[in-house]
Structures are given as C-alpha cells and as structure tokens.
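Please write a short report on this protein chain.

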Amino acid sequence: MTMLILGLVLFLGIHCTGFAPAWRDRQVARFGANGWKGLYSLVALAGFVLIIWGFQAARLNPVLLYSPPAWLGHLNSLFTLIAFILVAAAYVPGNRIQAKLGHPMVAGTKIWALGHLLSIGFLRDVVLFGAFLVWAIVAFARLRRRDRARGVMPTPGTLKGDVITVVVGVVAWGLFAFLLHAPLIGVRPFG
C-alpha cells in the first residue's frame with residue numbers, strides 16, 4: 001500500500017502545481033519551459049508507475065471494507081461510459097460539452113472515480129479512486145474559479161462536434177471495456 005500511496009502523492013501532487021501558479025512560474029523560470037515540462041513529465045510518469053506497482057501489490061493482500069450490491073457495478077459501467085465521453089470532449093474540437101463544462105476531462109475523472117468507489121469495496125480501490133475523486137473535485141472547482149477570474153469564455157460548440165464527441169467516447173469506452181480492461185487491469189467488467 002505504501003507504493004500506491006507514494007505513487008498517488010507524486011502523480012496527483014505534480015498535477016496540483018497548477019493550484020499554485022506563482023510557485024509553478026518560479027519553477028519554469030528556474031528550469032526553463034522545456035526543463036519544467038520534462039521534470040513534470042518524469043514525476044508524473046514515476047507516480048503512474050508506482051500507482052500501478054502499488055495497486056498490483058495491494059491486490060495480493062485484499063482488505064474488504066464493504067460489499068456493494070451487484071447493481072452498482074452496472075451503474076459504474078454507465079458512469080465509465082459518461083467519463084469516456086467527457087474525456088473525448090476534452091480533445092474533440094467544437095463540442096458543446098467542452099463549452100459547457102470547460103474542463104470535461106477533470107469532470108470525467110470525477111465520474112470515473114465515483115463509479116468505481118461505489119462498485120468496489122476493497123481498501124486498495126478506496127485509496128486509489130478516493131484520491132482521484134478528491135483531486136478531481138478540488139481541481140474542477142479551482143479551474144472553474146480560475147477561468148471566471150480570467151474571463152475565459154468558452155468557444156461555442158456545434159451539433160456536429162457533439163456527435164463526434166459521443167461517437168469517439170462510446171467507441172473508446174467499448175474498446176477499453178470489452179477488449180483492454182481485462183488484459184491491462186485484470187478485471188472483466190462484463191463477466
């Protein structure tokens with residue numbers, strides 16, 4: 001569990017540097033823009049590797065905290081589908097989801113984490129998804145507040161952008177849920 005927690009601290013911690021723009025700007029001045037991006041990437045990658053390693057190690061000694069009903073697993077599938085669509089909205093240009101939310105990837109992270117927390121009751125999952133949920137809630141609020149303070153106005157989206165976003169999200173979700181989740185995560189979401 002120590003490696004999992006250390007990985008979360010590194011990964012989510014480096015993603016919190018945007019909460020302290022003055023500190024981040026000092027680091028950019030200190031290391032240069034590319035140097036800071038490189039350091040940021042290395043810390044995030046190290047955190048990600050530790051999260052994977054720590055999570056796999058924690059699977060060897062499972063600690064059950066609660067037993068959710070089976071229907072929450074189905075709800076998690078729906079939440080994850082929505083999360084994939086939101087992540088797609090962060091990258092597909094000209095969609096109204098991006099225009100409405102401003103930060104759909106962070107919103108998708110919230111929904112993904114919440115769905116997994118509701119449907120899986122092991123300690124390792126509560127630590128992993130709980131940390132991501134707390135980070136995403138704080139990050140979304142901070143980013144929206146920052147956007148309002150800067151007067152950021154969203155680019156209006158179109159129906160075409162919305163359709164492309166939903167199709168990309170659904171296809172990506174289907175590929176991950178039915179083909180990739182089992183070999184990468186070790187769990188078959190649909191039996």
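Helices (H or I, at least four residues) and strands (E, at least two) are DSSP runs, numbered from the N terminus. The model is predicted, so local features need pLDDT of at least 70, side-chain atom pairs count only at pLDDT 80 or more, and totals for chains, interfaces and linings use all residues. Residues are numbered from 1 along each chain as its sequence is written, and side-chain values use heavy atoms, with hydrogens and water left out.

**The pocket**

Rolling a probe the size of a water molecule over the atoms shows where empty space is left. The search uses a 1 Å grid over the protein atoms alone. A pocket is an open set of points where a 1.4 Å probe fits, with protein on both sides within 12 Å along at least five of seven lines. Lining residues have an atom within 4 Å of a point. Grid points are joined across faces, edges and corners, and a volume is the space filled by probe spheres set on the points.

The second largest pocket holds about 280 Å³ of space. It is lined by 14 residues, and Ala99, Gly102, Asp147, Val152 and Pro154 are the closest to its centre. Helix 5 and helix 7 each give at least two residues to this lining.

**Histidine 103**

Histidine 103 sits in the loop between helix 5 (96–101) and helix 6 (104–119). Is histidine 103 buried or exposed? Buried means under 20% relative accessible area, exposed over 50%, and partly exposed in between (1.4 Å probe, protein chains only). Histidine 103 has 15% relative accessibility, so it counts as buried.

A polar contact is a pair of N or O atoms within 3.5 Å. Within protein, one atom must be able to donate a hydrogen and the other to accept it, and residues adjacent in sequence count only if both atoms are side-chain atoms. The side chains of histidine 103 and aspartate 147 make such a contact, at 2.6 Å. Contact in general means heavy atoms within 4.5 Å. Residues up to four places away in sequence aside, histidine 103 touches Phe140, Leu143, Arg144, Arg146 and Asp147.

Which residues of helix 3 are buried? They are Trp36, Ala44, Gly47, Leu50, Ile51, Gly54, Phe55 and Ala58. These buried residues pack against helix 1, helix 2 (21–31) and helix 7. In helix 6, the buried residues include Pro104, Val106, Gly108 and His116. Their cover includes helix 4 (71–91), helix 5 and helix 7 (123–150).

**The nonpolar core**

A nonpolar core is a set of buried Ala, Val, Leu, Ile, Met, Phe, Trp, Tyr and Cys residues joined through side-chain atoms within 4.5 Å. The largest one has 23 residues, and Leu8, Ile51, Val106, Leu128 and Phe132 touch the most other members. Helix 1 (2–14), helix 3 (33–59), helix 6 and helix 7 are the elements that give two or more residues. Helix 7 gives the largest share, nine residues.

Leucine 8 touches Gly13, Ile51, Val127, Leu128, Ala131 and Phe132, not counting residues up to four places away in sequence.

Alanine 139 is found in helix 7. Its relative accessibility is 2%, so alanine 139 counts as buried. With residues up to four places away in sequence left out, alanine 139 touches Phe19 and Val106.

Arginine 150 is also in helix 7. At 56% relative accessibility, arginine 150 counts as exposed. Its C-alpha atom is 43 Å from that of glycine 186, which lies 36 residues away along the chain.

Arginine 59 belongs to helix 3. At 22% relative accessibility, arginine 59 counts as partly exposed. A polar atom of its side chain lies 2.5 Å from the backbone oxygen of isoleucine 185. Beyond neighbours within four places in sequence, arginine 59 is in contact with Arg124, Ile185, Gly186 and Val187.

Serine 119 is part of helix 6. It counts as buried, at 16% relative accessibility. A polar contact of 3.3 Å joins its side chain to that of asparagine 76.
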